[in-house]
Amino acid sequence: MSATHATSDEVLIGRIAQGDRLAMQVLYGRHHVRVFRFSLRLVRNESIAEDLISEVFLDVWRQAGKFEGRSAVSTWLLAITRFKALSALRKRKDAELDDETAAAIEDTSDNPEVTVAKKDTSNALRNCLTALSPEHREIVDLVYYHEKSVEEVAEIVGIPENTVKTRLFYARKKLAELLKAAGIERGWP
């Protein structure tokens, strides 16, 4: 397995099903950050999100042989993550789904003026995202932060594709209104 970057996720899942630990390490390396960020946005607690990473990849190790390939591996991982995060939230009596989201948006610009402008825009965007309903925030998170298609989002969330499209439409519309009210007319600087 010298060409780890050329190995597809589906091939890795097949190897994991056969007990290949190196394949598991490669899959983990590719997806653990995405799984962590997604779970963190859902549970809003770093230690719980870190625990969820372990649970998700333990499930992958145990269930790799049952992966049918009807969706992308990353979609399967996020669906497992979502299920585990929602289960964790149900266990936490003090957790509410509609608190602030969009934890940290990393900014690596070299230009200080652009960095400050992006940070202000980022803060405004985060504040506007918190005003969306949990259902709309979840769709926006999956589509824009995790670059999932409408079909993949429908599978992860367990709703029809048309419902995803409708939620995305209304989320964008509401977000545009909120951003305009915050003084942000268009995109990033």
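User: Why is D59 called partly exposed?

Analyst: In this predicted model, D59 has a relative accessible area of 22%. Buried would require a value under 20% and exposed a value over 50%, so D59, at 22%, falls in between and counts as partly exposed.

User: How do you know that D59 forms a salt bridge with K84?

Analyst: The closest N and O atoms of D59 and K84 are 3.2 Å apart, and the cut-off for a Lys or Arg side-chain nitrogen and an Asp or Glu carboxyl oxygen is within 4 Å, so the pair qualifies as a salt bridge. The pair links distant parts of the chain, with D59 in helix α3 and K84 in helix α4 (residues 73-91), 25 residues apart. K84 has a relative accessible area of 15%, and because buried means under 20%, K84 is buried.

User: What makes D9 and R30 a salt bridge, and which parts of the chain does the pair tie together?

Analyst: The closest N and O atoms of D9 and R30 are 2.7 Å apart, and the two residues form a salt bridge, since that value lies within 4 Å. D9 lies in helix α1 (residues 9-17) and R30 in helix α2 (residues 21-43), so the pair ties together parts that are 21 residues apart in sequence. D9 counts as buried at 15% relative accessibility, while R30, at 30%, counts as partly exposed.

User: What makes the patch formed by E46, E50, D51 and E55 negative?

Analyst: Asp and Glu count as negative, so a surface patch formed by E46, E50, D51 and E55 is a negative one. One of these residues, E46, is found in helix α3 (residues 46-63).

User: Which residues of helix α7 are buried, and what do they pack against?

Analyst: Within helix α7 (residues 150-157), the buried residues are E152, V153, A154, I156 and V157, and the buried residues of α7 pack against α4, α6 and α8 (161-181). The helix is followed by G158, whose phi is positive, near 80°.

User: How do you know that I184 is buried, and which residues is it in contact with?

Analyst: I184, found in the segment after α8, has a relative accessible area of 16%; because the limit for buried is under 20%, I184 is buried. Leaving aside neighbours within four places in sequence, I184 is in contact with T121, A124 and L179. I184 and A124 are 60 residues apart along the chain, and their C-alpha atoms are separated by 8.2 Å.

User: How many helices and strands does the chain have, and how much of it is buried?

Analyst: The chain has 8 helices and 0 strands, and buried residues make up 40% of its 189 residues. Among contacts with a separation of 6 or more, 63% are accounted for by residues 24 or more positions apart.

Note on methods. Residues numbered from 1 in each chain as written. Predicted model: local features only at pLDDT ≥ 70, side-chain atom pairs only at ≥ 80, totals over all residues. Heavy atoms only, no water. Patch = residues over 30% accessible without salt bridge, like charges linked within 9 Å, V, L, I, M, F, W, Y side chains within 5 Å. Areas by Shrake-Rupley, 256 points an atom, 1.4 Å probe, with all protein chains shown as cover. Charge placed at Lys NZ, Arg CZ, Asp CG, Glu CD. Helix = DSSP H or I, 4+ residues; strand = E, 2+ residues; numbered from the N terminus. Buried < 20%, exposed > 50% of the residue type's maximum accessible area, 1.4 Å probe, protein only. Contact = heavy atoms within 4.5 Å.
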